[in-house]
Amino acid sequence: MTDLDPRPSPAAPVPSPRALARRRRQRALGRFARSYAHNRAGMFGLLSLLVIATAALTAPMFIEQSHLSITGAPGQPYEPPSAEYPLGTDNFGRSVLDLIIWGARVSLAVGLLATVVSVTLGTVIGITAGHFGSSGGTGGRIASTVLMRITDWFLVLPTLVLAVALAAVLPGGTGTIVVAIGLTVWPPTARLVRAQTLAVEARPYVERARALGGGHTHVMLWHVLPNVMPVVLAQTTLLVATSIIAESTLAFLGMGDPTTISWGGILEAARTAGAVSAGIWWYMVPPGLAIAVVALSFTLCGRAVESVINPRLRENR
Amino acid sequence: MKSPYPPVGTLSRRSASAAAALLLVGSMSAVPAAADEGGTDTLTVAMSQQVDTFNPFIAQLAVTTNILNHVYDRLVTVDPETNEPAPALAESWEASDDGLTWTFDLRDDVYFSDGEQLTADDVVWTLTTIMENEDAAVASGNYVSAFEEVTAEDDTTVVVDLEQPQATMTALNIPIVPQHVWEPVLEEEGDAFADYDNEDFPVVGSGPFVLAEHDRGQSIRLEANPDHWRGAPGFDELVFRYYTEQDAAVEALRNGEVSLVYELTEAQATSLEDVGDVEVNSADGKRFQAFTINPGAETQDGEEFGDGHPALSDKTLRQAIVMALDNDEIVERGHNGQAVAAGGYIPPRYEDFHWAPEGDEATLDFDPDAANEMLDDAGYETGDDGVRTSPEGDRLELRMHVHSDRPDNVQTGQIMEERLGDIGIEVDNQTVDPGILSDALYDAEYDLIFTGWTVNPDPDYVFSIHTCDGLPTEPGTMQGDAYFCNEEYDELYEAQLEEHEDLDQRAEHVHRMQEILYDEAVVNVLSYPNIMEAYRTDQISDIQLEPADGGNIWGQDGYWAFWSAEPAGEDAQSGAGIPTGVLIGGGVVVLLLVAGGAFFLLRRRATTGDRE
Amino acid sequence: MTATPTATEEPAGSPREDAPAGGGGRVRRVVLYVLGRLTTAVVSLGAVIVAGFFLFRILPGDPVRAMTEGREVSLEQQEELRRQFGLDQPLWAQFLDYASGLLRLDLGVSFQYREPVADLILERLGPTLLLAGTGTLLAALLGLFLGARAGWRPGGRGDRVNTAVALFFWSVPTFWLGLLLIVLLASGRGFFPGLFPTSGMTAPDATGFEAVVSTAHHMVLPVVTMVAVIYAQYLMIMRSSLIDEKGADYLTTARAKGLRDALVRRRHAVPNALLPTVTLVFLNLGQVVSGVILVETVFSWPGLGYLFYSGLHVPDLGLVQGLFVLFAASVILMNLLADLVYPLLDPRVRP
């Protein structure tokens, strides 16, 4: 993720500056990995994410898809946990465990996609505002101020209210949920990236690049972006957690697509079926726990990344 | 209905459960629902929908009209035993031979809660106001649309002259209000009458209960009217408490906070069946769940509009769609068994009008193989992806609009999507809010769309919306829920309208209409969902269902349930004072607050002291 | 939806960058600063009002049809309703009507309650303030207290356990936690059957002192849910700001004076670390709003969040947009307060 060279590398016998830079980055990556491995909570998060991601990706191999359809449900409605159905069955007789594993696919996808939307938006706005704010002349400063005012304005809007409104306005479906979450959680990233950009731009080598005739795009892409990437990475992992919780929350408020199987969707289905008061805990508890575990894992990873890239925090650990 | 008591139990088991109930109600419930120390018997109902307004001329929502039903009497009610019109304010009524003049003889012993007598003038004023004042016609305008004039012949005789026959004359669901209260209000409010919320408590009415208090978002309180002409209600008070979460309401029933919960889901009803002192009432449905197929929308002048799938104008395709669906499966899986699989339009609860295809009539029973064959023969060829193409070359990809707010519809929609896939139809399942669904319906931008109506004892309305007059005059102004128009149906509709006296003859016409609807496969009824409610037998000892056999408690056409309900015996009385639960919980909060405050104060003092 | 509890996030609108540079006397600088903040707030509010109006007007679905769906209502009745709601007017006329109403603090009329939105909000404001206020206060106290513990010995066992627990609760969906609490503590099942009521704010017939106790009793579960989910933010902020503060010279001095460790922490480090935290308490109000919507919905607490939820599906345009403006306005106000108060608390950032 830190290696951002978009061009194919020329296989040069003499180390070109670019190859040098890459080697430097590889070493940095190695250092990063080593110090990350020292963070126990971070490793726990990473491990649990790996397990869940593997289960989600390989789900089609061990879950019969027809068992997830209503007409082909294998069991009786509301069977309590048993050897055959470790987490019991839902109101149609589908295995809750299967649903949870299958739901991971949608929930993780929604979480990741929403994060990509918001991180991209936040990074572009943050870098642009930071860069032109510090070296764009009067026009740049005005543009930068306007961008940050817009960011602040979005920061002021209650996220949930805005997400609900967006989800209601856009046509239904999972894509809408992605957009609704992505468009509401970007402002903190933008502020963060801007602050980081300002710090990077103040460094002498950026000064030098500019003196050598590097244009705005060059400076932003080649000097600022690689240096804000670590912060963005940390922010990304933290945002996935937020997005996954947001997905379930929107589903709870009835904004989700009830026909797709996601964790939020399962919770909502359990709730509307009256599982809470009927005492059918195996339908209600697992999806919530799954959300909590994944969100926690992403948070732990994000904090570990953060502490690795921010040495001051690392020393204190 | 099932007996509210367990059949036979040994004495010890019974007394044990009674003791448990005592314990439950006495020590754990936060609010004793059945009675408080003052000896007032209160029936508490959990509800989730907000009221819109108590102005009976304006009130739209079912919950409000149900409550107002107990506050204002109507001319005629429904007999819970026979399901037929029964005397209320009107002791008797009579129609002229042409059905255009109706005479209602009123009781002479009806008094409003402020002591004024209810006379023919009140009835005339109420009906005339709805006829003449647009603002006042919002709630009940549909009942007076054919009225020409309403006159009072004397204090107890009201005569209604009609412009054309109207089937609902003995089912006029109009609350009769006191003229002496409402005439000044109407004058005073003028154009703002629609905003008048009728919350001058206690509200003057003639019904068995008096609207006494409204704590918005919390509760609504009705007091019994001991002088009601039908006799005093069994309970002294009727309280409706809000619960946004249905699950919370069920928990409240469990611990005795409320006496009655309605609109239960199947899982909730099942879980309550094992709870002591709780009786689950699973009543025959008044609603039908259906979907309509867009046969190609047209206005009354024949102007086509909308973007329905062109192949759906083919009756063969529509019938094949119906044959691909197994209504028993929809009942089993979509409603978890708490419904009755449908054939005809009118629920079996209304025996006279109910019709179901039998024997040779049942041409559209579940038979996917036959459906596939029909489509093959009609030239719908299956493509490589398993989806058929119409003879005109249109791919059979159909949009399906489903109410997102009705779990049974959402589940049924999922089943339909899978089942229609079996006959080579791809369904684009659009589960949306009711508002979006209505937009699609009125603009005819749909292929399959869910619908459902609550059928009144007089089914006129649900039939009227499928006459050719029910088609919109211009795009977007539709009355009903299907762009259906059939001449034979219209003739039968007119014929049944005129048979207001010969019930058998009318029922025959009504059956024939349903047969046409079934065969045309535009309006396709799937099921009649049961009504599930539960109440505490340690708080309510006796309650009248409507209809008496297999009927419901909440949402009756009359006010039988709450008027007849009797408080259960003394053993349900809870001890005076604040229940233990309140004390413990309150104590925890107070402790937390005190500890937090003290902590913060000490901290502050310590820091400021140290800084010096 | 809660914001990520991250230590690197700087407080929004941190005054440092926006302080007018140099020139003029101190009074002028202060006046300019305050004026600048006020202008920003007013412009933001204006943008919120416009955005709120048009965002909710493009909500699909006709409110009148949605309200009358499945009922025997004639076209004339629908037209009448539409006229009463002002929905027959063109959009710009509706907006002008709405905007001029706002100047008189008239937020329009709710479709489903048929009451002025402003009245409805006033009615529900108290319960929400009570719940959100208590929740925020307790969450802040708990978070700051535990954060101070955790941050003083980062990496220690106490820190690890504390942080892990806080992060776990932070990762839990608010509404799910609320529902679980209902099952465990309020239902007839669970471990402590019927300990707390399932919903509402006060028992309907309670009066006087009894009503106060009853309210407190009803508040327990909602408040616990709120606190559990949001206290992590305060814990994290306090923790990291204490870690920052730990290296400061004055603490070394204090220790050199021979003060006990606990004393150094309590009397020197924590008060200084509190400063950035105080602003964040203000700034987190946006998240509190989101939390309150969910908690009120689950526990049927008769507040603004519940009101918002009830208006969502109709859609009750007047009500929902009024609440949207109110929620945003309260955050704007809190931001403004934070901006104005922070310089008073921390001399380092005075203009």
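**A sheet edge and its surroundings**

Modeller: Let's begin with one residue pair: F147(B) has L162(B) as its bridge partner in β7(B). Keep in mind that this is a predicted model, where local features need pLDDT of at least 70 and side-chain atom pairs count only at pLDDT 80 or more, while totals for chains, interfaces and linings use all residues. Residues are numbered from 1 along each chain as its sequence is written, and chains are lettered from A and ligands numbered from 1 in the order in which they are written.

Strand β7 covers residues 157–162 of chain B, and 6 bridges join it to β6(B), with the two running antiparallel. (Helices are DSSP runs of H or I of at least four residues, strands are runs of E of at least two, and both are numbered from the N terminus.) Strands pair if DSSP finds at least two bridges between them. Widen the view and you get an open sheet of 4 strands in chain B, ordered β4-β5-β7-β6 and paired antiparallel. At its edges sit β4 (90–95) and β6 (147–154) of chain B, each of which pairs on one side only. From one strand to the next, the twist averages 20°.

What lies across this sheet? Helix α3 of chain B, residues 120–132, lies across β5 (101–106), β6 and β7 of chain B, and runs at about 165° to β6(B). (Axes are lines fitted to C-alpha atoms, for helices over the stretch in contact, and angles run from 0 to 180 degrees between N-to-C directions.)

Stepping back, chain B has 16 helices and 23 strands. Of the contacts in chain B with a separation of 6 or more, 68% are between residues 24 or more positions apart. A contact here is a pair of C-beta atoms, placed from the backbone, within 7 Å.

Now look at V276(A), a spot that links up with this chain. V276(A) belongs to helix α11 of chain A, residues 275–278, and counts as buried because it has 27 C-beta neighbours inside 10 Å. Leaving out residues up to four places away in sequence, V276(A) touches R271(A), M284(A), D247(B), L179(C), I182(C) and V183(C).

(Under 35 degrees is roughly parallel, over 145 roughly antiparallel, 65 to 115 roughly perpendicular, and the rest oblique.) Their contact uses E247(A), S248(A), L250(A), A251(A) and F252(A) from α9(A), plus W263(A), G264(A), G265(A), L267(A) and E268(A) from α10(A). That's 5 nonpolar, 3 polar and 2 charged residues. (Ala, Val, Leu, Ile, Met, Phe, Trp, Tyr, Cys and Pro are nonpolar, Asp, Glu, Lys and Arg charged, and the others, Gly among them, polar.)

On to chain C, which has 14 helices and 0 strands. Buried residues account for 54% of its 351 residues. Helix α6 of chain C, residues 117–152, packs against α14(C) at about 55°, with axes 10 Å apart. So α6(C) is oblique to α14(C). Here V117(C), L120(C) and I121(C) of α6(C) meet G318(C), L319(C), G322(C) and L326(C) of α14(C). By class, that contact has 5 nonpolar, 2 polar and no charged residues.

The helix α6(C) also packs with α13(C), at about 130° and with axes 8 Å apart. This pair is therefore oblique too. L120(C), I121(C), R124(C), L125(C) and T128(C) of α6(C) make the contact with L304(C), G305(C) and L307(C) of α13(C).

Finally, chains C and A meet through 45 residues from chain C and 44 residues from chain A. On the chain C side, α14(C) gives the largest share, 6 residues. That side has 30 nonpolar, 12 polar and 3 charged residues.

Notes. Contact = placed C-beta atoms within 7 Å. Buried ≥ 20, exposed ≤ 12 C-beta atoms within 10 Å, placed from the backbone.
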